[in-house]
Amino acid sequence: MTLKHYILACFLALTGFAYAEDARHSVQNDIRFGELPQHMLDIYLPDTVEPETPVLVFFYGGGFSHGDKAQIRRVGKTFADSGIIVVAPSYRLYPDAAFPDFVNDAALAVSHVWQNLRDEGAGPRPIFIGGWSAGAYISALIAYDGRYLEAAGVPASTIAGFIGLAGPYEGGLCSGETCPHIFPKGTEPDWPTANFVDATDPPMLLVRGTHDLFVDRGNLEDLAASGDAADIAVTTLVVKDAFHDDVLSEMEQPDGLVRDAVDAFMESVLAGRK
């Protein structure tokens, strides 16, 4: 353990945070980003962090009624091992919340990242946001409906790119079923992510499996079409024979098809920003 990480470990122990040593990354658990009990996030830090090191803020799924940031543990570890800072936030779930509460929570988490994970002298780092299933929908709204980041005090230009895995981007569905208790009547115009995409928005990578039983392919196709119409960069990946959960598992694997697509997408976006 380097002196830098030893000092950090001592500090985190005194403040109640967990520190997990690894050959290539460390973890800070349960960092508060808001006032509510659910407003906690974990940060996976590469052993070496440079001024240009990007951040991936990734949201778990669970049909808006269950799930936990621990679901992102393997994503956090594998990406941190490859030199990317990963942030896994929590957000309110039903019955404690309904649309758009969880989206507001997620925007608040992004605001915390934007304000605090900066390089001294270089300003904010490039921030990618994404998620799996419900988390993909939540992060897509943050990326493309500018009202959420604006309310959280974050410039829309903060988001370098969006990565969505098996997202129900049209809204109104929970685990493939209608759920009016979570998406209340009267909020319908604010559900479809595709309604909010414009030419100023970040590029997108959209992934789904051919055997996804919860989210039909129209969700990916409609959002991709809106990106094409806005003339922003759109990359899609449809994984043959993959089910709803499989695309997340593929992202966790350093040599997985989805992981390769995510790596290539991030590298392309970062190269275009230089």
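## The cavity and its lining

Ala166, Gly167, Tyr169, Val207, Arg208, Val215, Asp216, Asn219 and Leu220 form the lining of the largest cavity in this predicted model. Two elements, strand E11 and helix H6 (218-229), each contribute two or more residues to that lining. Sorted by class, the lining comprises 5 nonpolar, 2 polar and 2 charged residues.

The volume of the largest cavity is about 30 Å³. The structure holds 1 cavity of 30 Å³ or more.

## The sheet

Strands of a sheet pair through backbone hydrogen bonds, in either a parallel or an antiparallel manner. Here, 8 strands make up an open sheet with mixed pairing, in the order E1-E2-E4-E3-E7-E8-E11-E12. Strand E1 (25-32) and strand E12 (234-239) are the edge strands, each pairing on one side only. From one strand to the next, the twist averages 15 degrees.

Within this sheet, strand E3 (residues 55-59) pairs with strand E7 (residues 127-132) in the parallel sense, over 5 bridges. Opposite phenylalanine 58 stands glycine 130, a residue of E7.

## Helices on the sheet

Helix H4 (residues 134-144) packs on the sheet and touches E3, E7, strand E8 (159-165) and strand E11 (204-209). The direction of helix H4 makes about 145 degrees with that of E7.

Helix H2 (residues 73-81) lies across E1, strand E2 (40-46), E3 and strand E4 (85-89).

Methods. Residues numbered from 1 in each chain as written. Predicted model: local features only at pLDDT ≥ 70, side-chain atom pairs only at ≥ 80, totals over all residues. Heavy atoms only, no water. Pairing = 2+ DSSP bridges. Helix = DSSP H or I, 4+ residues; strand = E, 2+ residues; numbered from the N terminus. Axes fitted to C-alpha atoms, helices over the stretch in contact; angles between N-to-C directions. Contact = heavy atoms within 4.5 Å. 1 Å grid on protein atoms, 1.4 Å probe; cavity = no way out; pocket = protein on both sides within 12 Å on 5 of 7 lines; lining within 4 Å. Points joined across faces, edges and corners; volume = space filled by probe spheres on them. Nonpolar A, V, L, I, M, F, W, Y, C, P; charged D, E, K, R; others polar.
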